[in-house]
Amino acid sequence: MKEALRIGNRKLIIAITGRKESSSRYTPELAHAAFTAGKIAAELGLTVLTGGLSGVMERAAEGAKLAGGQTIGILPGSRHEDANPYIDFVLPSGIGIARNALLANACDLMISLPGGTGTLEELCFALDFDRPVISWGGWEIEGVRKVAFGDEASLLRALHEVIEEKFKIKEKR
């Protein structure tokens, strides 16, 4: 993993959101994309934030950990032990789905993968909080940067562009 990207002394945090494993629309392709998103984010020096549970949340955290990155999980419930095994910092919120707003506000930028209404809420809250959002095969909404699902090079390029535009950090490519 490269050195952490920072604004001042603070590490940049990227939320990676998407479908939970219990969804009938959760697929091996989506699991692979989530893993890849987490891995790419960690390789760029970003701390990966998820909802801390299963599906996209777990695969993104796994990708980040295997790339040497750090992970944060904001859980909807109040039990630390509900977090997936790839979360370094487990933050049980005890506020249920209201944690979607907390997650969107806590991040600096977001990758949104295909998901349901919870993913849509997180994306919309991120936009409301003026966080850049990259939709990687997910929702197409005004203000969201769309990247074709599965196109890893385009995702990496979009992340570099967002980091340069929003945070004025010029990355070596």
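**Entry 1: what I am looking at**

I am working from a predicted model, so I read everything below as computed from that model.

I found an open sheet of 7 strands in the order 6-5-4-3-7-8-9, paired in the parallel sense. Its edges are strand 6 (89-92) and strand 9 (145-147), each of which pairs on one side only. With direction ignored, neighbouring strands are turned by 20° against each other on average.

Next I went through some of the pairs. Strand 3 and strand 7 are parallel and share 4 bridges, and here I noted I14 opposite L109 of strand 7. On to strand 7 (residues 109-112) with strand 8 (residues 133-136): this pair is also parallel, with 3 bridges. M110 sits opposite V133 of strand 8. For strand 4 and strand 5, I again found a parallel run joined by 3 bridges, and T71 in strand 5 is the bridge partner of V48.

**Entry 2: which way the side chains go**

I then asked which residues of strand 7 point one way and which the other. L109 and I111 take one side and M110 and S112 the other, and all are buried.

**Entry 3: a stop at S112**

Helix 1 (residues 28-43) lies across strand 3 (13-17), strand 4 (47-50), strand 7 and strand 8. Against strand 3, helix 1 runs at about 175°. Helix 4 also packs on the sheet, where it touches strand 3, strand 7 and strand 8. The direction of helix 4 makes about 150° with that of strand 7.

**Entry 4: helix 3 with helix 4**

A reminder to myself: two packed helices are described by the angle between their axes and the distance between the axes. For helix 3 (residues 99-106) and helix 4 (residues 117-128), I have an angle of about 45° and axes 8 Å apart. That angle makes helix 3 oblique to helix 4. The crossing of this pair is right-handed.

Which residues meet here? From helix 3 I have R99, N100, A101, L103 and A104, and from helix 4 G118, E121, E122, F125 and A126. By class, the residues of this contact divide into 5 nonpolar, 2 polar and 3 charged.

**Entry 5: helix 1 with helix 5**

I noted a right-handed crossing for helix 1 and helix 5. Helix 1 brings H32, T36, A37 and I40 to the contact, and helix 5 brings E152, L155, L156 and L159. The class count for helix 1 with helix 5 is 5 nonpolar, 2 polar and 1 charged.

**Entry 6: helix 2**

Last, I asked how many of the 11 residues of helix 2 (residues 56-66) are buried. The count is 9 of the 11, so helix 2 is largely enclosed by the rest of the structure. The buried ones are V56, M57, E58, R59, A60, A61, E62, G63 and A64. Just after helix 2, G68 takes a positive phi of about 90°.

How values were computed
Residues numbered from 1 in each chain as written. Predicted model: local features only at pLDDT ≥ 70, side-chain atom pairs only at ≥ 80, totals over all residues. Heavy atoms only, no water. Axes fitted to C-alpha atoms, helices over the stretch in contact; angles between N-to-C directions. Helix = DSSP H or I, 4+ residues; strand = E, 2+ residues; numbered from the N terminus. Parallel < 35°, antiparallel > 145°, perpendicular 65-115°, else oblique. Left-handed = near helix turned anticlockwise from the far one by under 90°. Contact = heavy atoms within 4.5 Å. Nonpolar A, V, L, I, M, F, W, Y, C, P; charged D, E, K, R; others polar. Pairing = 2+ DSSP bridges. Buried < 20%, exposed > 50% of the residue type's maximum accessible area, 1.4 Å probe, protein only.
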